[in-house]
Amino acid sequence: MNMAATRYLIGQGEKLSEEIARPPRGMGDKAHPYAFPYAQRRLAPQWRRASDTLRGLPSLACPGGEAAIELTLHPSYLAKSYYPGHLLRELGLFHLGSRAVHVVPDSVVSSRALESGQAQPAPVLYLGGEIDRLIAFGDQIDEWMPDDERVQDDFRKIESIATPSNSRLKTLSERFADRDEIPMEVVLHSPDVPGKNHYVVLAFQEFLESLGISCDIGRARHAGGLAFLPLRAPREQLDAILAFTFLRALREAPRILPFDPMMRSIGSAFTVPLPADNAATADLSVAIFDGGLPANHGLDRWVTLHDAPGVGAPTADGQRHGLAVTSAFLFGPLTQGQPTPLPYANVDHWRVYGEGDDNDFEAFAMLDRIEDVLTSRRYDFINISLGPSYAIDDDDVSPWTARLDQLLAGGDTVATIACGNNGAADQATGLHRIQPPSDGVNVLGVGASDGFMAGWQRAPYSAWGPGRSPGYVKPDFVSFGGCHGQPFLALSEVSPPRAQGTMGTSFAAPIAMRSGTGIRAQFTDGLWAPAIKALLVHHAAGDLAKRPEIGWGLLSHGLGDLVLCDDYEAHIVYQRQMPTTGAVRLYLPIPPGLTGNVEIKATFSFYCDVDPEDAINYTRGGLDIQFRPDTTRIPPPYEKDGKLITPTVPASESFFSAKNFYATEHMQRDDAQKWETTLTRTKTKRASSLVQPAFDVSYIARENGHIGGRPSNMKFALVLTLRNKSARDLYDRVIVSSANRLQPMRPRVGVQVPLRLRVS
């Protein structure tokens, strides 16, 4: 392909956008499952039981004279607009967190009649309040009659009320079966209130001392409204610790398994000729957090090695792993007898693992090291191929996930995280699911495929999804990680450089980061982190029926597949800041004269702040996306439920909806997918039905699961692909029809046209 015929990504899609007023949203009247008198009768015994339990708590278990309760709402009240704020104010309660639970409600509303008798997702709210006031309310529940109807309506939303249960103690493994004192990770509700956010931790220390247990609260780490701390607890005292009312979870301290059984030598080693040139670009900042590199590693042209603060002496296993991970990023999967590809960018390799990191609480120390680096400098890309060795839990987030999501919320860094090599573990207990921090919403969780050509599958060891909601599609995608039959070839020795086969998600993740840096290195145009993230997801391809295994599909490591357009297609990148109105219209550049069907694939991506204490309401920001095929016409008035409706905006139709996003019916609630930070879908429309079509995008905000403030100027990206089998020259027609507001992205001077590596 010569340069004149090269069809690069089309940029400046944001020039086809305009600020608009927020589109109206029809809410309608809510059908309540319970009348207030009935709700009071059915809940009174539960409130009394809670009151009796609270009365029996030791005073030291109640920090500041406060206690926690768990309030489960009816499944009909998942949306943020149904948060029972009036009831909380009436009872003097404050928010501690939330999680998801599946319940069979006593009653269903008419629209959910088909779900009668089936478990449905419902929010559990963790609430705190003065213990004396909670006890008194439980004692007086039968006579309680609030004057405010809004308080009554909030009370009707409750499905059940209880005090925190023993399920907070997570199942123990056999790892410490021979030990009487077990290393545990404690998760506490610690309200993020200025001047008050440490009182729970101090109270917990005093409570433990009353049990004869000591803990070092100096190692406590806060993330939002949660505090995490390590604790060695006598086995026979675990149940007693559960009496502390603000305890969120008590679980076995995780190990770090950076060099697990997937890291092995496969096949014979062979000599690797290293490139003689510098990286393709010197203006990208990239970091790998791993086990270091061997002495005299020979990669000094492209790699700067750092020791993270506090790390112990290097280990041979850590250095071998770090070398293979760094090789994967610099050169991709090597091919014996072929020239070694040139790195796209230089990289800082931060050694965060060393001698002494095989103790009970190494996960705390390693996270501290990574956090120290990320808070002291900015990177465009980072890769982490190690982490705590436990599968994600729908109820709670790991401190790794919480802290990294908070650190990356600004949207300046693309982070690729290995999903873990536990994919062959027991599915019935969920031990096969992805590992933290790959479950984060501001990161790309990367699984491994066993190949990269037709017939590829998820590598048997690669961890599964789904993630939590939000963050449901995990892994985000898979990339080549190797298998016994087709190992991943990476550097294994230095002086002279030699490579050998290996396999693992540890190598799939840096391959994905290499693709992201390759996109940035290809062009002079500035691409934001949300755009890079969207491009990587957009070009992943695979059987969506296997979404729990492969996410959005396999990411090709052929850069040409990510930055070039074929005949009959055009890829357009939109980068936009959300305007102060909170709504924007993005026009699709449909050229005139098209016939037949137009295939539209759209991928949206953004970064946002998170509430770590709210597992079910984790993201603070979301996008309400409405697709309008014809923006030139407003529908005529019509009747609905006996009312005359007069539309004020063009008609919209479903594009991103829960029904085509979630695999299981019980997750297909109306607004769930709006809180996902990445959405992608393909839709086919008749060309004749598209008249100045557009996406109307509104920013929506929440805080702790209810209506929150909206930050201004949030960055987001849209990657749009148009395909039409009747227009081989669609690429050129798209640019011309935009009055040249759209332009091909400009490659850097001297870069080669990237090669394609099509997958099926």
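The structure is a predicted model in which local features require pLDDT of at least 70 and side-chain atom pairs count only at pLDDT 80 or more, whereas totals for chains, interfaces and linings use all residues. Residues are numbered from 1 along each chain as its sequence is written, and side-chain values use heavy atoms, with hydrogens and water left out.

Helices (H or I, at least four residues) and strands (E, at least two) are DSSP runs numbered from the N terminus. Axes are lines fitted to C-alpha atoms, for helices over the stretch in contact, and angles run from 0 to 180 degrees between N-to-C directions. Angles under 35 degrees count as roughly parallel, over 145 as roughly antiparallel, 65 to 115 as roughly perpendicular and the rest as oblique.

The axes of helix α1 (residues 36-55) and helix α4 (residues 149-156) come within 9 Å and cross at roughly 60 degrees. This angle makes α1 oblique to α4. The crossing of α1 past α4 is left-handed; a crossing is given this name if the near helix is turned anticlockwise from the far one by less than a right angle, and is right-handed if clockwise. In α1, Phe36, Ala39, Gln40, Leu43 and Trp47 meet Gln152, Phe155 and Arg156 of α4, contact being defined as heavy atoms within 4.5 Å. The residues of this contact between α1 and α4 comprise five nonpolar, two polar and one charged. In this classification Ala, Val, Leu, Ile, Met, Phe, Trp, Tyr, Cys and Pro count as nonpolar, Asp, Glu, Lys and Arg as charged, and the others, Gly among them, as polar.

Helix α10 (residues 505-522) packs against α11 at an angle of about 120 degrees, with the axes 10 Å apart. The two helices α10 and α11 are therefore oblique to each other, and α10 passes α11 in a right-handed crossing. Ala512, Ser515, Gly516, Ile519 and Arg520 of α10 form the contact with Ile532, Leu535 and Leu536 of α11. By class, the contact of α10 with α11 contains five nonpolar, two polar and one charged residues. Helix α11 (residues 529-538) is largely enclosed by the rest of the structure, because 10 of its 10 residues are buried. Here, buried means under 20% relative accessible area, exposed over 50%, and partly exposed in between (1.4 Å probe, protein chains only). The buried residues of α11 include Lys533 and His538.

The contact of α8 with α9 divides into nine nonpolar, no polar and two charged residues.

Leu299 lies in the loop between β12 (286-290) and β13 (303-307) and is buried, with a relative accessible area of 0%. Apart from neighbours within four places in sequence, Leu299 is in contact with Leu274, Leu323, Thr326, Leu330, Phe331 and Leu491. Leu299 and Leu690 are separated by 391 residues in sequence and by 53 Å in space, C-alpha to C-alpha.

Backbone geometry was also considered. The peptide bond from Gly465 to Pro466 is cis, with omega near 0 degrees, and Pro466 is located in the loop between β17 (444-449) and β18 (477-480). A cis peptide bond also joins Lys474 and Pro475, with omega about -5 degrees; Pro475 is found in the loop between β17 and β18. Gln12, although not a glycine, has a positive phi of about 70 degrees. Gln12 is placed in the loop between β1 (10-11) and β2 (17-19) and is partly exposed, at 22% relative accessible area. Tyr568, also not a glycine, has a positive phi of about 70 degrees. Tyr568 occupies the loop between α13 (560-563) and β21 (569-577) and is partly exposed, at 33% relative accessible area.

A search of the whole structure finds zero disulfides, a disulfide being a pair of cysteine sulfur atoms within 2.5 Å. The sulfur of Cys419 is 18 Å from the closest cysteine sulfur, that of Cys483, which is too far for a bond. Cys419 is buried, with a relative accessible area of 0%, and Cys483 also counts as buried, at 15% relative accessibility.
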